[in-house]
Every structure is written in C-alpha cells, then in structure tokens.
Amino acid sequence: MRDFFLYKDLGIAAATQGQVIAHLVKANLAPEQGTGWHRHEADFQIVIMTKGWAKFMYEDQVTLVEAGDVVHQRPGIRHFLFDYSPDMEYLEIVSPADFRSVDVEPVCEVPEPTPWK
C-alpha cells in the first residue's frame, strides 16, 4: 500500500476465501515519485478507471487510462504508474488476493508527472 493513494477494501477477499481481492484506489497526494517499476505475482489483474485518469508505463509504452477504461494487466508485466489526476479513482481486481508486488529494474525513462495546481 502506498501513502499517496487511499485504499478501500471491498470485502471480496473474505467472500472468496482469498481467491480474489478488489479494492478502490483514490489519489491522495500529487504524483511526485509514482509507484516505481514493479510487477505483480498474480494470475489475473484488471484496473477499471472510475474517475479521472492515470498514466502507466507498461514495459516501454506510455498508456493513458481514463474514466470508463478497463485495462487487463497481464501476469508479470513490468509497469509504473507515474502520473494521475487529483480525482483519480480506480477499481482494482486481482487474483489471488495475497498477490505480491516485486520491484524490478527500470525498463526505460519515465516522463515527468503533471503538477497539480
């Protein structure tokens, strides 16, 4: 969990005996450092952007994810959430619920985030 985001667990892990976790993630602080390069040890993960926008690096590709977009993060993909709007909110669904995040070496340069006004 990162302090620049707020997380709300939706109780899905308990309801599925740890098969799936779902939580809402909201922007809490301006994107100064982002998540850093990492990958998840998970079988399945999707991000459903419900408000605002976020910019991810997926490997060496900048990907803008806006409200209404759904992104499947394939298992093991190296990524970095580096920029987001003040109103950003997304639903993240991952299996298994006890997935791990693993830091990885940088894939490429990451653009600067957009300053909040």
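**Exercise 1.** Find the bridge partner of Leu6 in E2, and state how E1 and E2 run.

*Solution.* Leu6 has Lys26 as its bridge partner in E2. The model is predicted: local features need pLDDT of at least 70, side-chain atom pairs count only at pLDDT 80 or more, and totals for chains, interfaces and linings use all residues. Residues are numbered from 1 along each chain as its sequence is written, and side-chain values use heavy atoms, without hydrogens and water. Strands (E, at least two residues) are DSSP runs numbered from the N terminus. Strand E1 (residues 5-9) and E2 are joined by five bridges and run antiparallel; strands pair if DSSP finds at least two bridges between them.

**Exercise 2.** Describe the largest nonpolar core and the contacts of Phe5.

*Solution.* A nonpolar core is a set of buried Ala, Val, Leu, Ile, Met, Phe, Trp, Tyr and Cys residues joined through side-chain atoms within 4.5 Å. The largest has 16 residues, and Phe5, Ala54, Leu81, Tyr84, Met88 and Tyr90 have the most contacts inside it. Strands E2 (21-27), E4 (44-51), E5 (53-58) and E8 (79-84) each give two or more residues; E5 gives the most, three. Leaving aside neighbours within four places in sequence, Phe5 is in contact (heavy atoms within 4.5 Å) with residues including Val25, Leu81, Tyr84, Met88 and Tyr90.

Definitions and conventions. Buried means under 20% relative accessible area, exposed over 50%, partly exposed in between (1.4 Å probe, protein chains only). Helices (H or I, at least four residues) and strands (E, at least two) are DSSP runs, numbered from the N terminus.
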